[in-house]
Amino acid sequence: MSRFSPLAAILIAVVIFALDTLTSFDMAIAVLYVTVVLLSLSFATRKGLLFIGAVCIGLTLLSFAVSHGENPTSDSTARCFVSLAAIGITTLLAYRVKTAIAVLGESEQRYRTIFLATGVAILEMDFTAVKAAIERLKADGFPDMRTAAEANPDFARTAIGMMRLTNVNNTTLTTFRAKDVDAFKTALPKLIGKEMEGSIWALLEAIWDSNTSFESETMMSDLDGNRISILYNVAMPHDRPSLDMVLVSIVDVTARHEAENELHQAHAELAHVTRVATLGELTVSIAHEVNQPLAAIVTNGGAGLRWLKRSEPDLDEVETSMQRMIADAGRASEVIKRLRALSSKATSQTIPVNLNEVIRETVVLVQRELSNQRIDLQLELVADSPSISGDPIQLQQVIINLILNAVQAMSEPGIKTRKLLVQTAVAGGVVVTKVRDTGPGFAAEKAANLFDAFYTTKSNGMGMGLSICRSIVVAHGGRINASSEPGKGAIFEFTIPFHEEAVS
């Protein structure tokens, strides 16, 4: 606002009053007072505008009274009325404009306050050059961004250089350790590393498709060279089709990722403890499975010695005994290898897995428990089961838990029929595994809590077995559920997806 504006308005008002009062021009000179009102927009408040308009109206009436008060004519009266109407309407319009400016100013101030002080990093950017470059690619006949990317593999890096930063808030400077806006603006292209280019390509595709927003999670660097995980959102409003005003909000999720990693590690530790506890429950079965081949080795070794000590050694029988010893040693080695795998703390590995094979290997470990409880095991495994992608140790843990739960349920007194059915089937792109027992079952209202952590129906249970089973199945992209009819046993079913191409 110029400091000379009020003085100019006063001078103009004086000149208009003099012309209107002292001259006899046949015209509505007082209409010129609207210039005073309009000029006042630059310095007067809303109340001030009303006051200035009232003064202009007063001067018009005073001039009319001085010039035509004694002998007013119809023409002079009409000119006075026109002038008064013009001044009044202009004053009201100026008042409304001033009100709108005030509202806009308050809104701008609120936005600026939020922009500068919010806890989310916000960047104001100009994507005009990027939008124009994409329009040129369209004009060159490229059907989509992917095709353009194949022809111009360096376009993403070029587009980064075209993105012009106009402003940032305080949180942005704190997040990226920049001392001021200029320092951040200069360093920004270097903060976007190679690993972020995939996300930039996706952003360019969103611009190509005229989307109004885009969100992605990626990695960036701060000005000190530290790597940070970010979640960023790009708002591209429809009312700015040239993308000359784009807001990019950035959230530092590094701490969240670290917490997720710690949680994952804690979960893996808990799963390991549960596996070891399960192995403790299978001590008798494990000892039996290891002792059987060891005893067979001793027996075959003794037989081989006897064949050698004969007056005429029977080398064929000796060879047969040694082959049996090798086979029994292999059996014992396989059992020990499976036990070591179950008890190890190795990180999860994803390989092609055949669930039928996992089930057969698991049954060997629990066979003694089944025999002790006189449980009749039936396996109905689908032929040519497709391989799934997963961790065999984790899947074996799921099956062991489900089978042991069934064994414990059927070991209760009063259970006459003790049958355990383990089935696999293929349906709808998943391998379905069912474990069905003839135990007492459970009430329907308990089904929703069975897979919750620390929920157990056993007097000495930890309540973690089924919770870990669910976590493992979900991590493999599957689902697990349980159903029961009290008195008629329980069915636990889980599904793991497989890829169709793996079957063909």
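Residues are numbered from 1 along each chain as its sequence is written, and side-chain values use heavy atoms, with hydrogens and water left out. Because the model is predicted, local features need pLDDT of at least 70 and side-chain atom pairs count only at pLDDT 80 or more, whereas totals for chains, interfaces and linings use all residues.

The protein contains 17 helices and twelve strands, these being DSSP runs numbered from the N terminus (helices are H or I with at least four residues, strands are E with at least two). Of its 504 residues, 38% count as buried, where buried means under 20% relative accessible area, exposed means over 50% and partly exposed lies in between, with a 1.4 Å probe and protein chains only. Among contacts (heavy atoms within 4.5 Å) between residues at least 6 apart in sequence, 68% join residues at least 24 apart.

Helix H2 (residues 33-40) and helix H3 (residues 46-68) have axes that come within 10 Å and cross at roughly 165 degrees; axes are lines fitted to C-alpha atoms, for helices over the stretch in contact, and angles run from 0 to 180 degrees between N-to-C directions. H2 and H3 are therefore roughly antiparallel to each other, given that angles under 35 degrees count as roughly parallel, over 145 as roughly antiparallel, 65 to 115 as roughly perpendicular and the rest as oblique. In this pair, Tyr33, Val36, Val37 and Ser40 of H2 meet Leu49, Ile52, Gly53, Cys56, Leu59 and Thr60 of H3. By class, the contact of H2 with H3 has seven nonpolar, three polar and no charged residues, with Ala, Val, Leu, Ile, Met, Phe, Trp, Tyr, Cys and Pro counted as nonpolar, Asp, Glu, Lys and Arg as charged, and the others, Gly among them, as polar.

For helix H14 (residues 355-372) and helix H15 (residues 392-410), the axes come within 9 Å and cross at roughly 40 degrees, and the two helices are therefore oblique to each other. The residues in contact include Leu355, Val358 and Leu370 of H14 together with Pro392, Leu395 and Val407 of H15, and the contact as a whole divides into 13 nonpolar, two polar and two charged residues.

Helix H7 (residues 155-162) packs against H10 at an angle of about 75 degrees, with the axes 9 Å apart, which makes H7 roughly perpendicular to H10. Phe155, Ala156, Arg157, Ala159 and Ile160 of H7 make this contact with Glu197, Ile200, Trp201 and Leu204 of H10. Leaving out residues up to four places away in sequence, Leu204 touches Val130, Ile134, Met145, Phe155, Ala156 and Ala159.

Arg436, which lies in strand E10 (residues 430-437), is partly exposed, with a relative accessible area of 35%. Its C-alpha atom is separated by 6.5 Å from that of Val422, 14 residues apart along the chain. Apart from neighbours within four places in sequence, Arg436 is in contact with Lys419, Leu420, Leu421, Gln423, Ala490 and Ile491.
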